[in-house]
Amino acid sequence: VEAVHLIADGKAPRIPQPKEGATYEGIQKKENAEISWDQPAAALHNWIRGHDKVPGAWATIDGQVVTFYGSSLLDASVPAGQELAIKGASRPGLVTKNGLVIFGNDGKMVLVRNLQFEDGKMIPASKYFSADEKTALELTEEEKKMAEDIR
């Protein structure tokens, strides 16, 4: 009751909160979310996971910013895959059937499942090299007739 009366009378003490020990972190910006490759795999995984979905951890691949989503630590032998040069990485990534495998400076691996390009297009990381391929739709004779009837 006394505290309420002090506030009502405008006599309550005002003690500013110290900044030391504060846990609030400001809103992350995309430019601050670039992946630093000189880290162990666990740190890379935590960085990607910590920036998933906003703002998204990113790296430069083939001259464009590519954002990494859905990482997990990979504790297995190095899988077969197609090499992918990543700017700043000491070792190229591997595009495998399960996703993009990246390597920490400790030689351990992280699996990234999805990639997003600057234009907003998101693909499974395993489809990186086939992302530009166009598949033609082939209709059966029955489907062709149905399409003609609809027209």
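Modeller: The structure holds three aromatic pairs. The model is a predicted one.

Biologist: Why is the pair of F117 and Y128 called tilted?

Modeller: The ring centres of F117 and Y128 are 6.0 Å apart, and their planes meet at 35°.

Biologist: Why is the pair of Y128 and F129 called edge-to-face?

Modeller: The centres of the Y128 and F129 rings lie 5.2 Å apart, with the planes at 90°. An angle over 60 degrees counts as edge-to-face, so that name applies to Y128 and F129. Ring pairs link F117, Y128 and F129 into a cluster.

Biologist: How do you know which of F117, Y128 and F129 are buried or partly exposed?

Modeller: Buried means under 20% relative accessible area. F117 has 12% and is therefore buried; Y128, at 9%, is buried as well. F129 has 35%, a value between the 20% and 50% cut-offs, so F129 is partly exposed.

Biologist: What makes you say that the charged end of R91 sits over the ring of F103?

Modeller: The charged end of R91 is 3.7 Å from the centre of the F103 ring, and the distance cut-off is 6 Å. K53 likewise lies over the face of Y69, at 4.4 Å from the ring centre.

Biologist: Which residues have the most contacts inside the largest nonpolar core?

Modeller: That core has 22 residues, and those with the most contacts inside it are W37, F68, L100, I102, V112 and L115. Two or more residues each come from α2 (41-50), β1 (57-61), β2 (64-74), β5 (99-103) and β6. Beyond its neighbours up to four places away in sequence, F68 touches residues including I35, W37, I48, L100, I102, V112 and L115. Another core, of five residues, lies apart from the largest one and includes L94, V101, F103 and L111.

Biologist: Why is H51 called buried?

Modeller: H51 has 6% relative accessibility, against a cut-off of under 20%, so H51 counts as buried. H51 is in the loop between α2 and β1, and its contacts beyond four places in sequence are Q28, A33, G56 and A57.

Biologist: Which peptide bonds are cis, and how do you know?

Modeller: The bond from D52 to K53 has omega near 0° and is cis; the bond from V54 to P55 is also cis, with omega near 0°. Most peptide bonds are trans.

Biologist: What makes the phi of D62 worth noting?

Modeller: The phi of D62 is near 50°, a positive value in a residue other than glycine. Most residues other than glycine have a negative phi. D62 lies in the loop between β1 and β2. With a relative accessible area of 62%, above the 50% cut-off, D62 is therefore exposed.

Terms used
Residues numbered from 1 in each chain as written. Predicted model: local features only at pLDDT ≥ 70, side-chain atom pairs only at ≥ 80, totals over all residues. Heavy atoms only, no water. Phe/Tyr/Trp six-rings, centres within 6.5 Å; stacked < 30°, edge-to-face > 60°. Buried < 20%, exposed > 50% of the residue type's maximum accessible area, 1.4 Å probe, protein only. Lys NZ or Arg CZ within 6 Å of the ring centre and 35° of its normal. Core = buried A, V, L, I, M, F, W, Y, C linked by side-chain atoms within 4.5 Å. Helix = DSSP H or I, 4+ residues; strand = E, 2+ residues; numbered from the N terminus. Contact = heavy atoms within 4.5 Å.
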